[in-house]
Amino acid sequence: MAFHKINVTVNHEPEQMVVPSNMTLMQMLRESLALTGTKNGCSAGECGACTVLLNGEPVNSCMVLAAECDGANIITVEGLARDKQLDPVQDALIQAGGVQCGFCTPGILISSRALLNRNPSPTEEEIREALVGNLCRCTGYVRIIESVKKAADMKPHQT
Amino acid sequence: MAEPKIQNSSPVGESTPRIDAREKVTGAAIYTDDLQFGNALLYARIKRSPHPHALIKKTDVARAKALPGVKAVVTGEDFPGYIGLYLQDRYIFCRDRARYVGDPVAGVAAVSEEIAQKALDLIEVQYEALEPVLDPEAGIRPDAPLLHPDLGKYVVAGFIYPKAGTNISNHFKLRKGNVEEAWDKCAAVIERSYRIPHIQHVPIEPHIAIAKVDERGEVTMWTSSQSPFAQRNLIAQSLGISQSEMRVISPAVGGGFGGKAGVSMESLAVAIATKVKGHPVKLRLTREEEFFTAFVRQGLSAHFKMGCDKNGKLLAMENCFYWDGGAYTEYGVNIARAAGYSCTGPYEVPNVKGDSYCVYTNHPVGGPMRGFGMPEMHAGLEQCMDELAAQIGMDAVEFRKLNCLKTDSILATGGKIHPIGLEECIQKAANAVDWGRKSPASAPNKRRGKGIAAMWKAPAMPPNAGSSAWVELAEDGKVNVGIGGQDIGQGAFTISAQMAAATLGVPYEWVRVAAPVDTRYSPYEWQTVASRLTWSMGNAIVNAAKDVRKQILDLVAEAWDESPDELDIVNGVVISYKSEKETPLKNLVIYGLPNPDGRGWKGGPVIGRGNFMPKDVTGLDAETGQGEHGVVHYTTGAQAVELEVDLDTGRIEILKGVAAFDVGKAINPELVKAQMEGGLVQGISSALLEHLQLKDGFPKNANLVDYRIATSSDIPREMQSIIVEVAQDDGPWGARGIGEHSMVPTIPAIANAIFDAVGIRLEGPPFTAEKIYLAMLDAGIVK
């Protein structure tokens, strides 16, 4: 097994990591950095629970090798709030009642943030499309979609 | 008691924010897989049967044991004890016979998941393949291969009736009136059959258990669980240890829907851990394993015959259900029972013959899933109701309102129904979709339709399933509530805090729930199933909070030389309506109060306890299903949908979905509505998309691409949730459960709307575009 030395910025902090070739970004976050907010729902890129921002783009972190992330900027759910101030997508999700079991929540929040970064005033159709890769079994999505609309109306907050 | 001068604002009935929302949106909430165990942690993998039905002739684990990094290899030889909730019909690992594809035959613990996986390939198992049973109706034939030759010897609960020498693990019978004589009096009779496929719960968090056995043999298990106490009980029994020697800790649960109730994979982790004492052993199902080695919703083959008189009054039903229970039956036998005693649906029917069989097959193990047999059973029943209404020339809503249970209606099992708001639910759901008015389709190639379905469901549980709770206060006067029920997303912790705060007289924000649930420190709760927590655990919490309240008021009354009746607790302050004295709780709940004469102190740390158990549930007769009070209560309701069928593709789009349920009292209305929305979408998903394909016993779509669940693009354009409140006499504030009910009537509501749109009916869900299109071709609707 080969190992790779990588420099990454995770949640605004620089990190130097040594990662094996077969380690996924999800494993690096959860196991090496103990950032367990990123969830493992399928390890196959199908459920979206492990979604993180990789250089501003939402990706399934189970489908990305850690070794590929040299020089990357990564934001996980733990990095959304700044100075204890929740990101609008977090505030809005609480207000809309879009949290139930919470296991899809981190991925939902990252996809919502990514959408609002590229499109600050999305239509309902655009919100539905942006969340289509994040499976939720509890809520029926309706309050989650509502929360993204709410967050779009709140004070902008660029992550 | 004197008239209160200060209005205590109760959080019950308010939509207080979820108690766990902030930790869940920040990634701080801890789920089982997030726990850190350090370097002693071992990883388990399971060797599984590749055959649906086979004898195990020989197992050789020598090569696996020799692999560096492997710490233990176990097989069925190591664990001779049976396990099972209602019927002890399985071993933890197969011993002589494998009964489904995926049946565990051996387990490995190793220093890494990769090594554990590699070791599985080195385990050699010789099988002798046997003919499988792949259909429940084939399984009851006398010449069917017998799956459980020892069925007659298994330990079984008193209300389950297995038939030794057959594949029938339970046969529930309901007999009322005289069905044969009734048919002649009917002006319309209809007979239909339906098949409901297996589906899977698909929690986003797969099953996981970490078990550790210490030098004394005491077991600790961390697991994502709806049933920590039932797991303690059943696993301890199977391993031959005492229940108090087994501790189950359950952190946040990433979705349950019934799949994490009882014991499925958890006993495997514990069994392996007994061979590597001191090491925590982690077993985490892959998504593929999750689909067919955790519980599935069992399949159903259902036959209905029903008739009514010329005025539309139901006269008779003869319903027969064959449940595809799978290889073993943790809950399946009780699902068959629940469907049997509920087989009339929420209607008054004077003549009933109901038979519900749970049948062993070589399919994945059927378990409880949101609705516990009711969505499957209502799927056919509520389509028959529409067809019978049409045959007698009645509107489907009027037909249901005429026949539905009203307060004091006689149940098919005998006895009367409690106060019930079903008729109101049916009418409100119909009104919300503008029932009776046909709206134009959105395009020339589309057809629009509306459908409605009603439902009922009782908590299906043993008559003495109990709850308990404790309430204690800290130096600051704030409250800690101990419960053994689990928050699986439904909001159980939130409503627990609301009920404790309201009973005690403190602000909602002052209450926290002692989580995670830990069988060593949390009070007993039977299981987080059956939509029973708000009602049963809620009563225990109220009793515990009342106990605290009484201790505090008695103490203050003595100190102030007043009657407790003159005192109250308002916003965390004890007040006297008589003397207008007041003192905050923090002044007395730990340190007590000084005696007025200055000699010594009274009181001390306050802790309250409460429990609840249904007191008056009677059994149901084995031959007739009759009993005065067979279940604690029924939650009832209705759903209505409006949809469009695309004639070019067969694709169905749900335009509007409406749910109306009689919840007795909504402790937290927004949480109740969230249950109605989530259930509706899960119901839509099961109606349009979901089918665990089992070809010759082999799962064919055990992944989230080939087994699709509803995404954000599949939900209705518009949803509406209507709360009806006809109080439950023994519920806290009149509340009864709602968690499961919201996906019960969805399949038939959609099926009825499809019929309204294009005039076709299918044998069963999922109503995929392909099946709809082919049915439209057959019917000549499209060419």
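Predicted model: local features only at pLDDT ≥ 70, side-chain atom pairs only at ≥ 80, totals over all residues.
**Stop 1: the interface of chains A and B**

Turn to the charged pairs. The rule finds seven salt bridges across this interface. For a salt bridge to display, select Arg143(A) and Glu677(B), whose side chains meet at 2.8 Å, N to O. Polar contacts across the interface of chain B and chain A come to 26 residue pairs, counting pairs with both residues at pLDDT 80 or more.

**Stop 2: the domains of chain B**

Domain 1 takes 21-29 + 465-612, domain 2 takes 32-130 + 207-284, and domain 3 takes 296-461 + 619-778.

Keep domains 1 and 3 of chain B on screen; their C-alpha centres lie 39 Å apart. The contact involves 21 residues of domain 1 of chain B and 23 residues of domain 3 of chain B. These two domains bury about 1600 Å² between them, with 67% from carbon and sulfur atoms. Select Ala530(B), Ser531(B) and Trp535(B), which supply 41% of the area that domain 1 of chain B buries against domain 3 of chain B, more than any other three residues.

How many salt bridges are there between domain 1 of chain B and domain 3 of chain B? The count is zero, while residue pairs in polar contact number six, with both residues at pLDDT 80 or more. On the domain 1 side of this contact, α13 (492-504) and α14 of chain B each supply at least two residues. The most come from α13(B), with six residues. By class, that side of domain 1 of chain B has nine nonpolar, eleven polar and one charged residues.

**Stop 3: helix α14 of chain B**

Select residues 533-560 of chain B, which form helix α14. Its 28 residues, at 1.5 Å a residue, should span 40 Å, and the end C-alpha atoms are 38 Å apart, which agrees. Step on to Asp561(B), which follows α14(B) and has a positive phi, near 55°.

**Stop 4: the domains of chain A**

Bring back chain A and colour domain 1 (3-79) and domain 2 (88-153). The C-alpha centres of these two domains of chain A lie 21 Å apart. Their contact takes 15 residues from domain 1 of chain A and 13 residues from domain 2 of chain A.

The area buried between domain 1 and domain 2 of chain A is about 1000 Å², and carbon and sulfur atoms give 68% of it. Across this interface the rule finds zero salt bridges; the polar contacts are three residue pairs, both residues at pLDDT 80 or more. Finish by selecting strand β3 (residues 51-54) of chain A, which gives the most to the side of domain 1 of chain A that touches domain 2 of chain A, with three residues. The residues of that side divide into seven nonpolar, six polar and two charged.

Definitions and conventions: Residues numbered from 1 in each chain as written. Chains lettered and ligands numbered in written order. Heavy atoms only, no water. Helix = DSSP H or I, 4+ residues; strand = E, 2+ residues; numbered from the N terminus. Expected span 1.5 Å × (residues − 1). Salt bridge = Lys/Arg side-chain N within 4 Å of Asp/Glu carboxyl O. Polar contact = N/O pair within 3.5 Å; in protein donor to acceptor, adjacent residues only side chain to side chain. Domains from an automatic or database assignment. Contact = heavy atoms within 4.5 Å. Buried area = accessible area lost by both parts, 1.4 Å probe. Nonpolar A, V, L, I, M, F, W, Y, C, P; charged D, E, K, R; others polar.
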